[in-house]
Every structure is written in C-alpha cells, then in structure tokens.
Amino acid sequence: MNREIHCFTYISSENKLYTIDGNNQITESNIRQLLTIIASQNPEKISNIDFLFNPSNYLVSPFNSTNQFIKGKYFLTTHQDNIKKEILQEINTQNMSILSIKGKAGTGKTLLVYDIAKEFFANNEVLLIHCGQLNEGHLQLIEEYNWEIVSAKYVFAQDYSKYKLIIVDEAQRIYPNFFDKVINEVKHNNSNCILSHDEEQTLSKNEINNKIIDKIENVITSCTFELTNKIRTNKEVSNFTDCLFNKDKKFTKQENTSVEITYLQNLEETMDFINYLQNSSWKIINYTPDGYKTPPYERFKIIGEMTNSHRVIGQEFDKVVAVIDEHFYYKNNKLSTRGYSKKPYYHPTKMLYQIISRTRLKLHLIIFRNEEILARCLELIK
C-alpha cells in the first residue's frame, strides 16, 4: 500500500518489546514508543478494501521503474521464482542450453528475464537483444548502469564469445535470419540463450508468417516455461480486455471502476478530448504509423507523442487511453477490422491489444462512431 509500516513483537519470557528500525535491524523498544505510534495513527473507514489495491505500488517494471528495479524493490511471484531457479540450474549445469519462456501480456515475462539478467550482470556476461525499438528504460539501463542491450537489428554486429547468457526479449518479432544467427552463435560458443516470447504480440502479417514460435520450439534444449497468471493489471481491466477482444469469453458482472468509456462522433471534438486527457496525466499511445500509406487510425495521432504500439512493448502505465474507431467489428465473435481502402501494414487489432494491454491501473476507451463496440463495452461494465 506504499505506507510506512511499524513492526513490533513482545517476548513474554524476556518481558521485552522489540521493533525493526529504519535499517531493517531488530532493536529493543519500549511500551511508550509503541503507544506513541498507535496514538498518532489515523485509521481510515473503508467499505470496500479492494479500492486500496494499486498495482503500481509494487509491480515494478525494468523500463518504467528502472531505479526501483536496480535497487531490487520488487518481488517475483512463487511461479516466477520457481522458473528462475530451474533456469539458473539448467544454465549452471549444462554446457549449452537454449530455453524458452512464454506468456501473455501482463504475466511478468520481462521482469523475470531482466531479473535473471541481473544475476549475470556483475561479470558482464549477459547480452540482452530487444526485438523492437529501445525505450527510455532501456537507454537508462545502458547509460546509467552499463547494461549491454541492443536492438535486434544489430544482431550481426555483436561479439557473442564474450557472453555466458544471451537473452532475446519479444523473440516472436525477430527476423528468421537474425534468429538463426543468434542460435548458431550460442551453439558455437557453448553459451546459453533465453527466448522470451508471446505469439499473440505480433504486429504485422510478416511477423505472423515468419512462424518464429515454431523455430523456437525446434531449437530449445528443455521444456518451455510458461507464465499463465496475469500479475501486472488488476482483475477488472484484465477481464474487460479479454472479453472485449473475444465475445465468447465469460465475464463477471461487476461495478467496474477501472474502465471509462467516452463515445464521440466528431473528429475535432475527439482530438480535443484526447489532448485534454493527455494533460490530465493519462498516457496516450499512438497506433504505429504506416511507412507506405496513411490508414484511418492516424487521424487520432497526437503530434509530439513518441510512444506508439511498437515502442511500448514490455512497458506499462497506470492510466492508458485507447481509441477504437468505426473500422472495428466482431467477426465470429472475435474483434477484427474492415473497410480500409488500402490494407494497413501493421495489424490494427493487434496494435489495439498492445495499447490496451499496457494498462496497469485504469483504462479509458474512446469509441469513435462505432455503436457495435459501444454496445459490447456497455454490456461489460453495466
């Protein structure tokens, strides 16, 4: 809950009171100190304790809470910790190992692989390859903490003989020849490789057709480790997102306080409202621009906002805004798109999922001229 905690214990056999001081040391205390602290408290009356739940207080991201990550101000779930132990044992006992970690958005893949990287960082024995554009957190780790992180486009420029461990994050997006280069170097140098991936987070048709997931399954030397439970988002946002993208998903009716909806039909009003939200501490994530044409979703682009569906991979934000326009609809109960004069290079539905799945605390959906999607959202939050 991000509040100051005082811990006391009384040992009856000694008739003494102890506390934990600011340095995490156990020291002897007295009843006057305990009573003073109790008297100074101002208890809150809360009818629903769930409202105190704020994931941002303890779910630390290596990219959005970099300093806290470096200081170890985070925890792994039991499931994450067990996977970490198995992976470290595999790396330390085998001459060469190629391991796979998979999981959907919000399951903690990035935190886990970066936590593992810290184990090897002291001896400069780890190289992180990020299959996307480096974000501010990457740059901070590189510039302030001397981590070795490169974008996948520099795969062929590395000296792999220096590293005991190579980590490929968002591996589902790497080009096949780049993937083959990394794997060949790992085998040649008898080093180790962790491939972190989520097949749902592909953003273009080429990434889907490359079938990197099949290549991963063919090269790993042990079982695939899978993270199954979402830990980054609260249950309301997670359940809402699943049901928005798939009408066959079961949902629980609840008073949803984590999802807000605004329906608009005028483009100028929509852009004014997006700018208003941005000035009110909401995170605006643009759809990634198409390098060859101008799809309709670029109408909602905020000039000067550098984050887009590609740049935010692996990141998370407390309050996120996403725009759903009139091109989205349900096909066989799955969210899809239609009506583009020219087919976009990047898949709009997958970009929308990437944007929405970055939400850690609250989501604001702006629905533009789309009564079908509005009806579905109202069905979920009523």
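Predicted model: local features only at pLDDT ≥ 70, side-chain atom pairs only at ≥ 80, totals over all residues.
The volume of the largest pocket comes to about 640 Å³. It is lined by 26 residues, and those closest to its centre are Lys104, Asp198, Glu199, Glu200 and Tyr353. Sort the lining of the largest pocket by class and you get 12 charged, eight polar and six nonpolar residues.

What about the second largest pocket? Its volume is about 540 Å³. Here 20 residues make up the lining, with Gly132, Arg173, Tyr175, Glu207 and His310 closest to the centre. By class, the lining of the second largest pocket has three charged residues, next to nine nonpolar and eight polar ones.

In general, two packed helices are described by the angle between their axes and the distance between the axes. For H9 and H11, the angle is about 170° and the axes are 11 Å apart. Angles over 145 degrees count as roughly antiparallel, so H9 is roughly antiparallel to H11. Which residues make the contact? On the H9 side look for Thr241, Leu244 and Phe245, and on the H11 side for Thr349, Leu352, Tyr353 and Ile356. Tyr353 is a name you have already seen, as one of the residues closest to the centre of the largest pocket. The contact of H9 with H11 has no charged residues; five are nonpolar and two are polar.

Strand S13 (residues 328-331) runs antiparallel to S14, and four bridges join them. Together S13 and S14 form a hairpin with two residues between the strands. In the turn sits Asn332, with a positive phi of about 55°.

Next, head to the start of the numbering, where there is a sheet to look at. Strands of a sheet pair through backbone hydrogen bonds, either parallel or antiparallel. In this open sheet, three strands follow the order S1-S2-S3, and the pairing is antiparallel. Which strands stand at the edges? Those are strand S1 (8-11) and strand S3 (26-29). Each has a single partner strand, so one side of each is left without a neighbour in the sheet. From one strand to the next, the twist averages 35°. S1 pairs with strand S2 (residues 16-20) over four bridges, and Phe8 is found opposite Thr19 in S2. Helix H1 (residues 31-40) lies across S1, S2 and S3, at about 145° to S1.

The largest cavity holds about 90 Å³ of space. Among the residues that line the largest cavity are Ile274, Ile284, Tyr287, Phe300, Val323 and Ile355. Strand S12 (residues 317-324) gives the most to this lining, with three residues. The class count for the largest cavity is 10 nonpolar, one polar and one charged.

Conventions. Residues numbered from 1 in each chain as written. Heavy atoms only, no water. 1 Å grid on protein atoms, 1.4 Å probe; cavity = no way out; pocket = protein on both sides within 12 Å on 5 of 7 lines; lining within 4 Å. Points joined across faces, edges and corners; volume = space filled by probe spheres on them. Nonpolar A, V, L, I, M, F, W, Y, C, P; charged D, E, K, R; others polar. Pairing = 2+ DSSP bridges. Axes fitted to C-alpha atoms, helices over the stretch in contact; angles between N-to-C directions. Contact = heavy atoms within 4.5 Å. Parallel < 35°, antiparallel > 145°, perpendicular 65-115°, else oblique.
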